[in-house]
Structure formats: structure tokens, C-alpha cells
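Hello,

Here is the structure I wanted to pass on to you. Please take a look at it first, and then read my notes below.

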Amino acid sequence: MKRFFGAFFVIGLIVAGSVAFQACDSSSSTAPTGSILDEITGYQGWTMLDAVVGPDPFLAAAHGVNNGFVRVVYASQGPDANGTYPEGTIIVKELRDADGNVVGPLTIMLKRGSDFNPAGNGWEWAMTNDTRDSIELHGDNQAMALCANCHTQANAAGNGSDWVFKHPKEYTVDDMAAFLDFANWEKVAENFGPDPFLGQAHGVKDSLHRIVWMNYRLKAFDGKYPTGMIIV
Ligand code: HEC
């Protein structure tokens, strides 16, 4: 699974990298450097806005979105009544595998002060390397055009505010198609015979198997299953 993820992300990085380096050459403004890793220290203790798995209308297939990783978003503080995040806000997005381990780069938004990135409401965009021990790319809307071009969709009414997508996400299922291929999902349990939690009343018979399928084989995360999971 890791390999699968890697391939997708490399494509993403190549695109992001080329955009960023071009822009850096042409003297775009750069934010405070070096300390972004320090600034996000302890981010897992911040408010968790979301834990989501599965496709998203705003995420292209190429960004590792369809590979079963949980996308977890943390924020150091929330927006004001107008949906604008105060200066100093930091938002971190991580990916977790089925065992709950963080995998791949972190993507980060930091609300800078003064005149940093006015076109992007003061946000600095940043991304770590794959092992999350250095900052690979960071900068304003111009330097990080890939991030900004996609996140601008969050500014449309209903999608989010201040370049940040709406959280928590809602997962809606429009038709049976979401379930029809369940027999191709992960079989997580197959039981036979009596069960201490099932009385006689639920059709439990010695002759019937009870099979549980999950669209993504994930453990409960922070006491909850991620949004987007289906269990049949
Ligand atoms: C193709 C669209 C797309 C691109 C490109 C993209 N993002 Fe995102 N990003 C999203 C979506 C959609 C979410 C909402 C959470 C989710 O479902 O993954 C998100 C979430 C985030 C979050 C959590 C806050 C929020 O808006 O929900 C951060 C931080 C973030 N992205 C940073 C970045 C950075 C930094 C880059 C560039 C290196 C980047 N993103 C590139 C679509 C994108």
C-alpha cells in the first residue's frame, strides 16, 4: 500500500516542485523560514477537525486520495464568525494508514501576519518531505500555485472559507451503487452460530454465516471510524 501511495505522491511532488521552483526564481515573497517544523510541534494535540477516507469532489485522483488512507486535519484555532482564521492559525493535514500510522508528507497552512501573501489572505502553504523531518516546499500563492489553485475552491460559498475546506465533511450516498460491489470489499469477519450480543431475535441460526465487509479496512480512530467508511 505504501508503494502505491508513493507513486501517486511523487507525481504530485514533481508538479508542485516545478511550479514552486520557477516561482522562487522570480523573487516571490518568502515567509519566515526554518521554523515551520517547530511551529507545528504537538499539532496532534490541537483540535481535530476531521478524519475522512475515500473520494472527494475537490481532490483529483492523483493525490493519493483513492488509496484508503485516512486524511486527518488539525487546527490550532478556529475561524471567527465570518469564517476568517486569525493570524497565527496553523492547520496541519496528515495521512494515516490502516494501523493508524502517519504516512507520507504533512501539508500545512500557516496564517502569517503583516503583508505576507495578500492574494491568499495571508496564508503560507507548506509541505514536508515524505518522512516529515524537513520542510520540502513552502511559500505564498505564487510559489505554491498548485496548493492555492485547488484550495481557491474552498472560497466558494458552501465549500468552506478563507481557503480552508469545510469540516467536518459530510458523506452522502445518493444511490445503491455505493454498496453494490460490497462483495469485493475487505471481508473483516465471518461468524457462524450463536453470538453473546445477538439474542435469538435477530435471525441468528446455526446454519447461516454472518459476514461483515468494509469499503476500507480501517480501525476506529480516536474512538470513531472515519467519515466515508461503509460497513455492510
Ligand atoms: C487537488 C486539490 C488540492 C491540492 C492540489 C491541495 N489540496 Fe490541500 N486539501 C484539499 C482538500 C479537498 C482538502 C480537504 C480535506 C480532505 O478531504 O482531504 C484539503 C485540505 C488541506 C488542509 C487542511 C485544511 C483544509 O483546507 O481542509 C491543508 C493544511 C492543506 N490541504 C494544505 C495543502 C497544501 C500545503 C497543498 C500544496 C502542497 C495542498 N493542500 C494541495 C485539496 C487540495
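**What I found**

Let me start with asparagine 121, which counts as partly exposed because it has 17 C-beta neighbours inside 10 Å. The cut-offs are these: a residue is buried with 20 or more other C-beta atoms within 10 Å of its own, exposed with 12 or fewer, and partly exposed in between, the C-beta atoms being placed from the backbone. Asparagine 121 sits in the loop between β4 and β5, and its phi is near 55°, a positive value in a residue other than glycine.

Two notes before you go on. Residues are numbered from 1 along each chain as its sequence is written. This is a predicted model, in which local features need pLDDT of at least 70 and side-chain atom pairs count only at pLDDT 80 or more, while totals for chains, interfaces and linings use all residues.

**The overall picture**

The protein has four helices and ten strands, that is, DSSP runs numbered from the N terminus, with helices being H or I of at least four residues and strands E of at least two. Along the sequence they follow the pattern α-α-β-β-β-β-β-β-α-β-β-α-β-β. Of the 232 residues in the protein, 28% are buried. Two residues are in contact if their C-beta atoms, placed from the backbone, lie within 7 Å. Among contacts between residues at least 6 apart in sequence, 58% join residues at least 24 apart.

**The sheet**

Six strands form an open, antiparallel sheet in the order β1-β2-β3-β4-β5-β6. Two strands pair if DSSP finds at least two bridges between them. At the edges are β1 and β6 (135–139), each pairing on one side only. From one strand to the next, the twist averages 15°; the axes behind such angles are lines fitted to C-alpha atoms, for helices over the stretch in contact, and angles run from 0 to 180 degrees between N-to-C directions.

Five bridges join it to β4, and methionine 109 stands opposite tryptophan 125 in β5. On its other pairing, four bridges join β5 to β6. Here alanine 126 has histidine 138 as its bridge partner, and methionine 127 has leucine 137. β5 and β6 form a hairpin with six residues between them, and arginine 132 in the turn has a positive phi of about 65°.

How many of the residues of β5 are buried? Six of its six are. Trp123, Trp125 and Met127 are on one side and Glu124, Ala126 and Thr128 on the other.

**The core**

The largest nonpolar core has 36 residues, and Val70 and Ile108 have the most contacts inside it. Such a core is a set of buried Ala, Val, Leu, Ile, Met, Phe, Trp, Tyr and Cys residues joined through C-beta atoms within 7 Å. Among the elements that each supply at least two residues to this core are β2 (70–75), β4 (102–111) and α3 (145–151). Leaving aside neighbours within four places in sequence, valine 70 is in contact with residues including Ala51, Leu95, Leu218, Phe221 and Pro226.

Isoleucine 91 lies in β3 and counts as buried because it has 25 C-beta neighbours inside 10 Å. Not counting residues up to four places away in sequence, isoleucine 91 touches Val73, Ala75, Met109 and Val164.

**Around the ligand**

Of the 25 residues around the ligand, Phe58, Thr107, Cys147, Cys150 and Phe165 come nearest. A residue counts as near if its C-beta atom, placed from the backbone, lies within 6 Å of the molecule or strand in question. The shell divides into 19 nonpolar, three polar and three charged residues, where Ala, Val, Leu, Ile, Met, Phe, Trp, Tyr, Cys and Pro count as nonpolar, Asp, Glu, Lys and Arg as charged, and the others, Gly among them, as polar. Which element gives the largest share of the shell? It is α3, with four residues.

**Loop details**

Aspartate 162, in the loop between β7 (160–161) and β8, has a positive phi near 50°. It counts as buried, with 20 C-beta neighbours inside 10 Å. Further along, a cis peptide bond joins histidine 167 and proline 168, with omega about -10°. Proline 168 is in the loop between β8 and α4 (177–180).
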